Amino acid sequence: MLCEIRVEGQMSRTMTGAFPELESCVMFGQTLLFGQVVDEAHLYGLLARFQSLGLHVVEMRRLAP
């Protein structure tokens with residue numbers, strides 16, 4: 001499934017580099033990361049990575065199946 005994840009603030013290149021499977025851009029003071037999430041385990045792994053880096057996920061939504 002294609003997902004979009006919004007993170008509070010502007011992430012550095014180093015931080016976005018921790019998510020090589022996702023594309024990123026900055027809009028309205030938030031970083032948007034988007035890309036394919038293959039299954040639930042992948043999603044939980046991404047969320048754990050955000051948490052371990054101290055990033056605050058504002059929103060996550062599915063864009064396509």
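Author: C3 counts as buried, at 1% relative accessibility. Buried means a relative accessible area under 20%, exposed means over 50%, and partly exposed lies in between, with a 1.4 Å probe and protein chains only. This is a predicted model, in which local features need pLDDT of at least 70 and side-chain atom pairs count only at pLDDT 80 or more, while totals for chains, interfaces and linings use all residues. Residues are numbered from 1 along each chain as its sequence is written, and side-chain values use heavy atoms, with hydrogens and water left out.

Reader: With which residues is C3 in contact, leaving aside its neighbours within four places in sequence?

Author: Contact means heavy atoms within 4.5 Å. On that basis C3 is in contact with L33, F34, G35 and V37, and also with M60, R61, R62 and L63.

Reader: Which residues make up the largest nonpolar core?

Author: In soluble globular proteins, nonpolar side chains tend to be buried together. A nonpolar core is a set of buried Ala, Val, Leu, Ile, Met, Phe, Trp, Tyr and Cys residues joined through side-chain atoms within 4.5 Å. Here the largest such core has 12 residues: C3, I5, V7, M11, F19, L22, L33, V37, L43, L46, F50 and L55. Helices (H or I, at least four residues) and strands (E, at least two) are DSSP runs, numbered from the N terminus.

Reader: In what order do the strands of the open sheet stand?

Author: Strands of a sheet pair through backbone hydrogen bonds, either parallel or antiparallel. Two strands count as paired if DSSP finds at least two bridges between them. In this model an open sheet of 4 strands has the order β2-β3-β1-β4, and its pairing is antiparallel. β2 and β4 are the edge strands, each pairing on one side only. From one strand to the next the twist averages 20°, where axes are lines fitted to C-alpha atoms, for helices over the stretch in contact, and angles run from 0 to 180 degrees between N-to-C directions.

Reader: How many bridges join β1 to β4, and how many join β2 to β3?

Author: β1 and β4 pair in the antiparallel sense over 6 bridges, and V7 stands opposite V57 in β4. β2 is joined to β3 (residues 30–36) by 5 bridges, again antiparallel, with M27 opposite Q30 in β3. The hairpin of β2 and β3 has 2 residues between the strands, and F28 takes a positive phi near 50° there.

Reader: How many salt bridges does the model contain?

Author: A salt bridge is a side-chain nitrogen of Lys or Arg within 4 Å of a carboxyl oxygen of Asp or Glu. The count comes to 4. One of them joins E4 to R6, with the closest N and O atoms 3.3 Å apart. Both partners are buried, E4 with a relative accessible area of 9% and R6 at 18%. E4 also bridges to R61, at 3.1 Å between the closest N and O atoms. That pair links distant parts of the chain, since R61 belongs to β4 (residues 57–64) and E4 to β1 (residues 2–8), 57 residues apart. R61 is partly exposed, with a relative accessible area of 38%.

Reader: Where do E21 and R49 lie, the pair that meets in another salt bridge?

Author: Their side chains meet at 2.9 Å, N to O. E21 lies in the loop between α1 (13–16) and β2 (23–27) and R49 in helix α2 (residues 40–52), so the bridge ties together parts 28 residues apart in sequence. E21 is partly exposed at 30%, as is R49 at 25%. Elsewhere, salt bridges that share partners join E4, R6, E59 and R61 into one network.

Reader: Which other residues does E21 touch, not counting those up to four places away in sequence?

Author: Besides R49, E21 touches G35, H42 and L46. E21 and F34 are 13 residues apart in sequence, and their C-alpha atoms are 8.7 Å apart in space.
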